[in-house]
Amino acid sequence: MTAYWDFRRILNVDPDNINTCVGTAKSYGRECGNQVGDSYRQEGSQVLREMDETKSFSKALANLEDLADLLLCKQQHNNHEKPHLNQINEVSRKWYAVAKREYISLKNEAERAAERRAARELSSMREAAQLMRDELQRERDNMVRGFGIHSAMTGAHKFRRLLR
């Protein structure tokens, strides 16, 4: 399958290589250090692959909550017995904002690239048009010169006839 996105980079998550929770230990002001189980990380990696292969960015983003559910530790940040510590919504909203900024940035870059391509094409077309104008002018000049010689010769013949 073709990968359209790179959500590991966009969201700064890598469940294949990092085995800790994506939540924040707010009381310590740092990332949570709790482990996330292998099966959750593998499933999270699969969700990321599916998101990358989804052509529609908005459809890919619909998986953010599921991804957060998989990559938050079950001890604290995804523990249904401690709903006040649950960070699924918080993390998925943060990821959504990050992904949306990335999408807008990519879209703006694509628009700038299209504008540059259009400007290059227009410039190329202008150059071709100028070359055509120059060539037409040369042909016109050659025709006028040829007509002038012909006219002069015709005028000389008429003058000779009059003299006879």
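Guide: Buried means under 20% relative accessible area, exposed over 50%, and partly exposed in between, with a 1.4 Å probe and protein chains only. This is a predicted model, in which local features need pLDDT of at least 70 and side-chain atom pairs count only at pLDDT 80 or more, while totals for chains, interfaces and linings use all residues. Residues are numbered from 1 along each chain as its sequence is written, and side-chain values use heavy atoms, with hydrogens and water left out.

Visitor: Is Cys32 buried or exposed?

Guide: Cys32 counts as buried, because its relative accessibility is 6%.

Visitor: How many disulfides does the structure hold?

Guide: A disulfide is a pair of cysteine sulfur atoms within 2.5 Å, and the structure holds zero. The closest cysteine sulfur to that of Cys32 belongs to Cys73 and lies 3.9 Å away, which is too far for a bond. Cys73 is likewise in no disulfide, its nearest cysteine sulfur being that of Cys21 at 3.7 Å, and Cys73 counts as buried at 1% relative accessibility.

Visitor: How are two packed helices described?

Guide: They are described by the angle between their axes and the distance between the axes. Here the axes of helix H2 (residues 38-52) and helix H4 (residues 64-71) come within 8 Å and cross at roughly 160°, so H2 is roughly antiparallel to H4, a term for angles over 145 degrees.

Visitor: Which residues make the contact?

Guide: With contact meaning heavy atoms within 4.5 Å, H2 contributes Tyr40, Arg41, Glu43, Gly44, Val47, Leu48 and Met51, and H4 contributes Leu64, Leu67, Leu70 and Leu71.

Notes
Axes are lines fitted to C-alpha atoms, for helices over the stretch in contact, and angles run from 0 to 180 degrees between N-to-C directions. Helices (H or I, at least four residues) and strands (E, at least two) are DSSP runs, numbered from the N terminus. Angles under 35 degrees count as roughly parallel, over 145 as roughly antiparallel, 65 to 115 as roughly perpendicular and the rest as oblique.
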